[in-house]
Amino acid sequence: MVSASELRARVAEAYSAAADDPQAPHPFPVGRDFALRLGYPSNLLDELPAASVEAFTGVSCVSLLAAIEPGARVLDLGCGAGLDTLIAARRTGPAGRVTGVDFSEAMLRRARQAAREACAGHVLFCRAAAEQLPLPDHSVDVALVNGIFNLNPARSDIFRELARVVRPAGAVYAAELILAEPLPAERFREADWFA
């Protein structure tokens, strides 16, 4: 059986590889064509920096489905290359604040580059574990989570952290893949079960 720390390291390695070379083969879909299949409009992707679009990974177009008001304080948990972060920043406008959190420094480099290119001065990115968020209690109006729960064995801790940082009457918009049936036992012994 793979330990939680080994699983975390392998997931981080796979996602960092997608940031470093999005065109290479990966165990999950990456990039613009995948974003289009999930429902992100082509014209919107054209307007966003290539650094975030090329290395996009996720499971839904959660930033388009969420109710994000101008001036809102938004958390994009598992922000990756920052596609949802930048969409949320457009929706909050400059009066808002959007914080992208990810555990992959390679993805965060892309996200920061994209934010600079988009002149999104009200966006902040930080490296942290999803179960230890560097945010004050009740400091978030809307949290976006686009496909991280299957990749992190500390799910209960992540939900506790979301409950801590999202204000009362705030909202969490989360998307995740769900299995139609259990995986065979031998798949759980493989460290790349998330593929």
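Reader: Among contacts between residues at least 6 apart in sequence, what percentage join residues at least 24 apart?

Author: A contact means heavy atoms within 4.5 Å, and in this chain 73% of the contacts between residues at least 6 apart join residues at least 24 apart. Please keep in mind that this is a predicted model, in which local features need pLDDT of at least 70 and side-chain atom pairs count only at pLDDT 80 or more, whereas totals for chains, interfaces and linings use all residues. Residues are numbered from 1 along each chain as its sequence is written, and side-chain values use heavy atoms, with hydrogens and water left out.

Reader: How many helices and strands are there in the chain, and how compact is the chain?

Author: Helices (H or I, at least four residues) and strands (E, at least two) are DSSP runs numbered from the N terminus, and the chain has nine helices and five strands. The radius of gyration, taken over C-alpha atoms, is judged against the globule rule, 2.2 Å times the number of residues to the power 0.38. Here the radius is 16 Å, close to the 16 Å that the rule gives for 195 residues, so the chain is as compact as a globular protein of that length. Buried means under 20% relative accessible area, exposed over 50% and partly exposed in between, with a 1.4 Å probe and protein chains only; of the 195 residues, 51% count as buried.

Reader: Which strands pair with β2?

Author: Two strands pair if DSSP finds at least two bridges between them. Strand β1 (residues 73-77) runs parallel to β2 and is joined to it by five bridges, with valine 74 having valine 98 in β2 as its bridge partner. The chain crosses from β1 through α6 to β2 in a right-handed β-α-β crossover, a term which means that, with the strands pointing away from the viewer, the path from the first strand over the helix to the second runs clockwise. β2 also pairs with β3 in the parallel sense over five bridges, where valine 101 stands opposite cysteine 126, and β2, α7 and β3 make a right-handed β-α-β unit. Strand β2 (residues 97-102) is mostly covered, with five of its six residues buried.

Reader: Which residues have the most contacts inside the largest nonpolar core?

Author: In soluble globular proteins, nonpolar side chains tend to be buried together. A nonpolar core is a set of buried Ala, Val, Leu, Ile, Met, Phe, Trp, Tyr and Cys residues joined through side-chain atoms within 4.5 Å. The largest has 31 residues, and those with the most contacts inside it are Tyr40, Ile68, Val74, Leu83 and Leu144. Its largest share, five residues, comes from α6. Apart from it lies another core, of 17 residues, Cys126 and Val165 among them.

Reader: How many aromatic pairs are there?

Author: A pair of aromatic rings is described by the distance of the centres and the angle of the planes. Rings of Phe, Tyr and Trp (its six-membered ring) pair if their centres lie within 6.5 Å, and planes under 30 degrees apart count as stacked, over 60 as edge-to-face and the rest as tilted. By this rule the count is four. Tyrosine 40 and phenylalanine 56 form an edge-to-face pair, 5.2 Å centre to centre with 70 degrees between the planes. Both tyrosine 40 and phenylalanine 56 are buried, and Phe34, Tyr40 and Phe56 form one aromatic cluster.
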